[in-house]
Each structure stands twice: as structure tokens, then as C-alpha cells.
Amino acid sequence: MNCATPLGVDWQSNWTQLLCGISGVVRNDVGRIENIYTSVFATEETLALLIPEEDSTLLERMLFTAAKPVVERHVPTSRTALILSTTKGNVSFLEEGKTTDAQLTVLAKKMAEVLGFQTQPIIVSQACVSGLLALSVAKRLVQIGQYDDALVLAGDVVSEFVVSGFQAFQVMSPFPCKPFDRDRAGVSLGEAAACVYVSKEKGEFKILGEAAINDANHISGPSRTGEGLVQSVLHAGQEAAIDIKDIDFISAHGTATLYNDEMEAVAFHRLGLQDIPVHSLKGYYGHTLGASGLLETVIALQSMRSGTLIPTEGFKTLGVSQPLNIIEEITHRPLNRFLKTASGFGGSNAAMIIEKTTATQ
């Protein structure tokens with residue numbers, strides 16, 4: 001696994017920053033939109049990104065930087081899938097009238113070529129569950145024997161187009177986002193790339209179960225009862241053949257909007273998970289859209305490796321109707337199994353349960 005974010009261009013540096021409580025969410029100008037809280041690469045930080053081709057975009061450099069070390073360790077074969085997750089891809093090309101270059105298929109094929117893949121890339125673009133759903137797709141394709149292994153690659157950048165869209169929904173926070181907090185006022189956006197290698201061979205971690213269920217509640221608003229998320233978690237637990245309470249922590253979606261955090265709190269309470277430690281990483285990275293589910297999974301895997309729970313940046317006072325066990329400080333304990341959740345526009349929801357294998361305990 002690996003990631004490239006404004007906090008660092010590999011997972012080790014990101015982990016170090018998280019342990020120090022460093023957030024990438026600061027005031028930035030995004031195009032003509034000034035002084036807005038986002039987590040974006042500063043000009044000097046982009047110098048650390050690898051360059052796959054001379055005219056590569058920022059997104060392509062981020063994706064290549066996240067994927068290159070993983071590909072070098074697991075060289076793609078004719079039985080290796082590349083699954084790309086993104087919500088907007090190189091959408092900024094549209095401002096230049098380059099409609100073809102803005103297509104997700106063009107981005108996917110370019111990444112497949114520079115990373116040495118022999119198979120046609122697969123694109124997952126399902127709003128903000130894309131990163132986690134792409135990991136589920138990889139698991140299913142390997143499970144049914146269509147591929148022996150897969151590289152899941154996810155990334156999105158913050159652009160004026162994306163920011164203006166969220167501003168139209170009136171969900172941009174005037175300060176760094178505060179997931180699950182009483183004073184939360186909306187999202188902070190971020191940009192990142194993440195990469196996870198999946199194989200049929202036994203590894204350090206195992207995907208026990210996953211599910212993605214759409215509640216079709218609203219074009220942008222989540223179900224007030226959390227039904228889609230509840231069903232996603234229940235189905236993931238059924239496949240895993242475990243009691244869903246038999247997990248050590250939850251990596252929640254936690255966007256810090258009024259409705260998302262409330263929906264997750266209701267869903268976790270309905271599932272009887274209100275006492276399980278839970279955090280959101282959005283206070284460190286912002287909402288990284290199609291990368292968020294995969295990026296947050298990478299961090300959760302490292303949490304299990306090190307037995308360390310990362311606190312929820314920005315949280316002070318519970319601001320949802322149902323009780324939650326929000327992680328407020330770095331905590332060290334054995335961690336062997338976690339639940340990752342994600343929700344997105346159009347009523348999309350996803351859940352995955354991953355455990356550390358006995359070989360690594």
C-alpha cells in the first residue's frame with residue numbers, strides 16, 4: 001500500500017504527520033476562489049512527486065507517485081488488473097476545451113501504460129464511495145478467478161470546478177472541518193492519491209467481507225435513517241461470517257456535514273456499534289472524494305500494524321443525536337479487525353471489514 005498527499009508522498013511520512021497531529025487543511029486560493037480551507041499540494045511539495053511523462057498533470061503525478069513503489073514490488077502480469085477510482089479525473093482539461101483529454105478512459109489508459117499493465121484498466125466512478133468500492137471490485141474479480149491480483153489506484157485533485165460545485169450545495173466549511181462535532185459547518189476538500197495491492201495469495205491483511213448498497217434517497221442527501229449504510233454493514237458482516245460488533249474500530253466517512261455525520265451516527269446506533277471506537281480522517285486530509293475510501297483504508301491498515309488509533313481532528317463536543325465513541329486522542333492497543341464505511345451522492349453506501357492475518361500477529 002502507499003499514498004501521496006499534502007502531508008507526504010509515501011505512507012510512512014503520512015503516518016508520521018498523523019502521529020504528530022499535523023493537518024493539511026489550511027487556507028488556500030483555488031483558482032478564482034480565494035481564502036478557502038482545503039488540503040492541497042503547495043508548489044514546493046509537488047517537486048517531490050514523480051513525473052511519469054513530461055506533460056503529466058498534477059493528478060497523474062500523484063497517482064504515479066502512489067503506485068510506482070507498489071508496482072515495483074508487484075510487477076503486473078497478464079493476470080493483473082488495474083482498477084482506477086476517481087470522481088472527476090482531469091476535469092480541468094475542460095477549461096482548455098480539451099474534452100477528449102478530460103475523459104476518465106484517457107486517464108486510466110495513460111496510467112496503465114506508464115505503470116506497465118498488460119490488461120485494460122477498469123474505472124470505478126461512484127461518487128464518494130469510489131475508493132472503497134474499487135477495492136471491493138478488486139476483491140470480487142480476484143475471488144471469482146478473473147484475475148490473480150489487482151492494483152487499486154485512487155485519486156482526485158481540488159479544482160475551481162469541484163469547489164464551486166460544493167459551494168453550490170452550501171456545504172463548504174468556513175473553518176477546518178469538524179467531523180461529528182456540535183459546531184461542524186460542512187466539508188473541507190482535499191486532494192490525494194492512494195494505492196493498494198490485492199492478491200489471491202495470503203498476505204498481511206484479509207478482506208473478510210464487503211457490500212455496497214444504494215438507498216436511492218436523494219441526489220445529494222443521505223437517508224435520514226441510514227438504511228443504505230446499515231444494510232451495507234450487515235451484508236459485509238454476513239459475508240465475513242462474524243458478529244459485526246467483533247471489530248476493534250471504525251474508520252467512518254465523517255465529512256462533517258450536518259446530514260452525513262447524523263446519518264452515520266444513526267446507522268451505527270441501529271447496528272449496535274455506538275461503543276466501538278470511531279474516527280474520521282477528514283480533519284487531516286479534507287474530503288478527497290474518489291480517493292478518500294482508499295486513502296483512509298491505507299491509514300487504517302497501518303493503524304492495525306502498529307496498534308495505534310488516530311484521533312478525530314477538529315472534534316471536541318458530540319453534535320449528533322446518537323451516542324458515538326469518538327477517538328479523541330492517540331490510543332495504543334491490539335487492533336486486529338476494523339470496519340471502513342463510505343457514503344456518497346445519489347444514496348451510495350459501502351462497507352468493508354478487514355482483519356490482520358494470524359501470520360502477522
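Start by selecting helices α5 and α10: their axes lie between 65 and 115 degrees apart, the range that counts as roughly perpendicular, so these two helices are roughly perpendicular to each other. Helices here are DSSP runs of H or I with at least four residues, and strands are E runs of at least two, numbered from the N terminus.

A word on what you have open: this is a predicted model, where local features need pLDDT of at least 70, side-chain atom pairs count only at pLDDT 80 or more, and totals for chains, interfaces and linings use all residues. Residues are numbered from 1 along each chain as its sequence is written, and side-chain values use heavy atoms, with hydrogens and water left out.

Pick residues 130–143 for α5 and 292–306 for α10; they pack at about 75 degrees, with axes 5 Å apart. Axes are lines fitted to C-alpha atoms over the stretch in contact, and angles run from 0 to 180 degrees between N-to-C directions.

Now show side chains where they touch (contact is heavy atoms within 4.5 Å). From α5 come Gly-131, Leu-132 and Leu-135, and from α10 Gly-293, Leu-294 and Thr-297.

Next, zoom out to the whole chain. You'll find 10 helices and 16 strands. The C-alpha atoms fill a box of roughly 50 × 50 × 40 Å along the principal axes.

Finally, look at contacts between residues at least 6 apart in sequence: 77% of them join residues at least 24 apart.

Methods. Parallel < 35°, antiparallel > 145°, perpendicular 65-115°, else oblique.
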